[in-house]
Structures are given as structure tokens and as C-alpha cells.
Amino acid sequence: MTLHITPAAIARHCAECASHVAIEVVAETGSTNIDLLQRVNAMRGPVLLIAERQTAGRGRAGRTWLSQPGSSLTFSLAWRFKGPLHNLVGLPLAVGVALAEAMTALGVPVQLKWPNDLLKDGAKLAGILVETQAAQDGAIWAVIGAGINLLMPDQLEADIGRDVASAPWLAQMDRNALLAALLNRLASVLAEFDDTGFAAFTERWNRLQAWRGQAVRILDHGDTLHEGLSAGVDGSGRLLLDTAQGQVAVLSGDVSLRLAP
Ligand code: BTN
């Protein structure tokens with residue numbers, strides 16, 4: 001097992017589809033997402049930035065993302081899309097498909113909780129934060145951040161304050177090979193997404209869906225907006241819920257999905 005992460009070692013495992021990605025590794029930073037968002041106007045092509053330690057990790061809906069060096073992967077990938085911005089609806093879900101398929105291929109089956117949390121045995125294994133920025137030349141850059149729990153020390157789980165999953169099988173892999181496997185799948189999915197949008201990923205997302213057919217609630221700041229049976233996503237990445245009033249399609253935003261009690 002190699003824990004030491006270097007750009008050259010990752011590049012040695014990269015497939016053709018990811019060979020144009022510039023790879024950078026830093027010992028410590030606040031947030032890899034913020035770092036890349038600040039640089040988009042100077043970027044010539046996609047950049048993967050990996051931090052051994054993140055001191056101000058950002059999560060969805062303004063939450064913080066806690067991680068510990070050696071126990072987690074924290075990285076962001078900046079990717080340039082043709083645009084316009086509304087074509088990127090569904091991108092966070094497609095990224096979930098990429099990471100879930102990559103981990104499953106490595107022997108760790110995971111499911112997707114809408115819109116894009118990765119669950120293992122019902123607990124959160126990884127989170128994805130996609131942030132977009134328009135460049136001066138009109139292109140749209142997406143900064144795709146991922147935090148993956150490889151091991152979960154007791155103290156970190158206590159700090160997070162809820163049950164979280166870990167993936168010891170991935171933790172014992174060479175970190176460079178692991179990161180390359182994730183990057184390879186991401187690069188292939190992002191290139192396809194830029195051509196087709198989310199519709200082409202609907203079936204793949206639904207195959208990976210957690211809580212399919214189960215009673216769930218959509219919460220908005222703690223208030224229940226909808227309650228029904230989870231019926232997968234449509235071609236725009238909206239969650240379909242079979243409710244007593246008929247089927248509703250829910251757009252992701254700051255709403256969150258929970259199993260109904
Ligand atoms: C979530 O809330 O589920 C999303 C978590 C995303 C965390 C990752 S860690 C690497 C990247 N940098 C950040 O500040 N956040 C993302």
C-alpha cells in the first residue's frame with residue numbers, strides 16, 4: 001500500500017481520457033473547491049487538486065466538511081463545459097454516477113442518495129459539492145469537489161455527530177491508483193455529459209439508487225415539502241415521488257431527502 005500521493009504516480013495509472021488533466025497535490029489548504037474557483041480564469045484545461053489535509057472543507061447547503069489526513073480523500077476537479085449554464089442541470093448527479101461506478105468496480109458497492117450522496121450500508125461514505133463559475137471567455141467551469149471517508153476514526157465520527165461509513169477495502173489500496181481510478185471514470189463521464197446532458201445517465205443513476213420504492217420525505221429547512229415513495233429520477237435529474245396526490249418531480253436545491261419514519 002502506498003499512502004504517499006504524487007502527481008506523477010497518479011498520472012502513471014491514468015487512462016487516455018484523463019491524460020489531459022493537470023494533477024496537483026498540496027499538503028494542506030483550506031478548501032480545494034475554493035482554491036480552484038479562484039483560478040478558473042487562468043486555467044488552460046482541467047485541473048485535479050488533491051489536499052492531504054483540508055482545514056476549512058465546504059459541504060452542501062453551507063455545511064462544513066470534516067476530514068482527517070490519511071483517513072479521507074479530499075480533492076476537486078475543475079472541468080470546462082461548453083455551456084450554457086442550464087445544460088449543467090444534473091451534473092452533480094452524473095458525478096455521483098461516476099464515483100459510485102468507480103468504487104463499485106473497485107469492489108466497494110455503493111448506492112446514490114438523491115441528489116448525490118454516496119451511501120454504503122445505509123450510511124454516508126462520500127459527499128460531492130459542485131460549484132460553477134463563468135469564465136471571462138464565456139465558458140462555464142465546474143469545480144467538482146469530493147470528500148471520501150476511507151477510514152473513520154472514532155474522534156472524527158464523534159465530531160461529525162452522526163453515523164458515517166468508511167471503506168477499509170479502498171483504504172488499503174495504493175492511494176495513487178485509487179485516485180487515478182476515480183479520475184478516469186470522472187473524465188469519461190464528464191466528457192459524455194458535456195455532449196449529452198444528464199438524460200443519458202438516467203438509467204445508470206436509477207440502477208444505483210438507494211431507498212428505491214421506500215417512503216421518503218423532502219425537507220426544506222426542516223419542513224416537510226413532500227412525502228411519498230421514491231421512484232427514481234427523470235431525464236433532468238429531478239426526484240420522482242409517488243404521493244397520495246400523484247407523482248411529483250422535485251428539483252434539487254437546498255432541500256434534503258430523508259427516509260420517512
Ligand atoms: C457534502 O456536503 O456532502 C459535500 C462535501 C464535499 C466535500 C469536498 S472535500 C473536497 C472539496 N473541497 C471542499 O471544500 N469541499 C469538497
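Predicted model: local features only at pLDDT ≥ 70, side-chain atom pairs only at ≥ 80, totals over all residues.
Me: Why is Ser76 called buried?

Reply: Ser76 has a relative accessible area of 0%, and buried means under 20%, so Ser76 gets that label. You'll find Ser76 in strand S3, which covers residues 72-81.

Me: What makes the link between Ser76 and Thr32 a polar contact?

Reply: The side chains of Ser76 and Thr32 are joined at 2.6 Å. The cut-off for a pair of N or O atoms is 3.5 Å, so that one counts. Leaving aside neighbours within four places in sequence, Ser76 also touches other residues, including Leu36, Val47 and Ile144.

Me: And Thr74, how do you know whether that one is buried or exposed?

Reply: Thr74 comes out at 3% relative accessibility. Buried is under 20% and exposed is over 50%, so Thr74 is buried. Thr74 is in strand S3 too.

Me: What does the side chain of Thr74 reach?

Reply: The backbone oxygen of Ala51, at 2.8 Å. Not counting residues up to four places away in sequence, Thr74 also touches Trp65, Gln54 and Ser67, among others.

Me: Now the helices. How do H3 and H6 pack?

Reply: Helix H3 (residues 91-105) and helix H6 (residues 175-196) have axes 9 Å apart and an angle of about 145°. Their crossing is right-handed. In that contact, the H3 residues include Leu91, Val95 and Met103, while Leu182, Val189 and Phe193 are among those from H6. By class, the contact has 14 nonpolar residues, two charged ones and no polar ones.

Me: How many aromatic pairs does the structure hold?

Reply: Two. One of them is Phe81 with Phe193, at 6.1 Å centre to centre and with 85° between the planes.

Me: What makes that pair of Phe81 and Phe193 edge-to-face?

Reply: Planes over 60 degrees apart get that name, so 85° qualifies. The pair ties together distant parts of the chain, with Phe81 in strand S3 and Phe193 in helix H6, 112 residues apart. Both Phe81 and Phe193 are buried.

Me: Why is the pair of Phe193 and Phe201 called tilted?

Reply: The planes of Phe193 and Phe201 sit at 35°. Stacked needs under 30 degrees and edge-to-face over 60, with the rest being tilted, so this pair is tilted. The ring centres are 6.4 Å apart, and the limit for a pair is 6.5 Å. Phe193 and Phe201 are both buried.

Me: Which residues do the ring pairs link into a cluster?

Reply: Phe81, Phe193 and Phe201.

How values were computed
Residues numbered from 1 in each chain as written. Heavy atoms only, no water. Helix = DSSP H or I, 4+ residues; strand = E, 2+ residues; numbered from the N terminus. Buried < 20%, exposed > 50% of the residue type's maximum accessible area, 1.4 Å probe, protein only. Polar contact = N/O pair within 3.5 Å; in protein donor to acceptor, adjacent residues only side chain to side chain. Contact = heavy atoms within 4.5 Å. Axes fitted to C-alpha atoms, helices over the stretch in contact; angles between N-to-C directions. Left-handed = near helix turned anticlockwise from the far one by under 90°. Nonpolar A, V, L, I, M, F, W, Y, C, P; charged D, E, K, R; others polar. Phe/Tyr/Trp six-rings, centres within 6.5 Å; stacked < 30°, edge-to-face > 60°.
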